[in-house]
Amino acid sequence: LVGVFLFTQEGPTAMSSSSSSAVALGDAFCVLAACFYAAYDLRLYKWGKLVAPRELIINKIATQAFFSVALLVAVQSNEAASFLSNNLNVETGLGLGVLVVWSGLAVNMLAPFLQVGGQQA
């Protein structure tokens, strides 16, 4: 954590006070995210030894999908829906489809499956 703190320091004249507080908040969120990821990785290591990799990954993907949809419903992002409905054409739809497939398959399914398999070895 000390390394993250030192790396993110700026000189006192580099920013205004409002932007420096925003940077400090962003840095705090990065450290919090690193702590959550460390906890996730440790839990995945533990459960990877107790549960078969395929079952663990299926449950992980289903849980992530549930929370993603729940967050979308909770936020009720009308701006995003109206942007997509007004600007969706073949080009943007194809780009959006590639991003969804990449994040769904490669990042959230393949990488954790390989991670769990590696941790069980």
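User: Why is L32 called partly exposed?

Analyst: L32 has a relative accessible area of 42%. Buried means under 20% relative accessible area and exposed means over 50%, with partly exposed in between (1.4 Å probe, protein chains only). The 42% of L32 falls in between, so L32 is partly exposed. Please keep in mind that this is a predicted model: local features need pLDDT of at least 70, side-chain atom pairs count only at pLDDT 80 or more, and totals for chains, interfaces and linings use all residues. Residues are numbered from 1 along each chain as its sequence is written, and side-chain values use heavy atoms, with hydrogens and water left out.

User: What makes L25, F29, L32 and F36 a nonpolar patch?

Analyst: Like charges are joined within 9 Å, and nonpolar side chains (Val, Leu, Ile, Met, Phe, Trp, Tyr) within 5 Å. L32, at 42%, passes the area cut-off of over 30%. Together, L25, F29, L32 and F36 have about 440 Å² of accessible area (Shrake-Rupley method with a 1.4 Å probe; for residues, only the protein chains shown count as cover).

User: Where is L32 found?

Analyst: L32 is in helix α2. Helices (H or I, at least four residues) and strands (E, at least two) are DSSP runs, numbered from the N terminus. The protein has 5 helices and 0 strands, giving the pattern α-α-α-α-α along the sequence.

User: Why is the pair of Y37 and Y40 called tilted?

Analyst: Rings of Phe, Tyr and Trp (its six-membered ring) pair if their centres lie within 6.5 Å; planes under 30 degrees apart count as stacked, over 60 as edge-to-face and the rest as tilted. By this rule the protein has 2 aromatic pairs. One of them joins Y37 and Y40, at 5.6 Å centre to centre and 45 degrees between the planes. Y37 and Y40 are 3 residues apart in helix α2 (residues 17–50), which means about one helical turn separates them. Y37, at 48%, and Y40, at 29%, are both partly exposed.

User: How do you know that K60 is buried?

Analyst: K60 has a relative accessible area of 13%, which is under 20%, so K60 counts as buried. K60 sits in helix α3 (residues 53–75). Leaving out residues up to four places away in sequence, K60 touches Y40, N108 and P112 (contact means heavy atoms within 4.5 Å). Buried residues make up 8% of the 121 residues in the protein.

Conventions:
A salt bridge is a side-chain nitrogen of Lys or Arg within 4 Å of a carboxyl oxygen of Asp or Glu.
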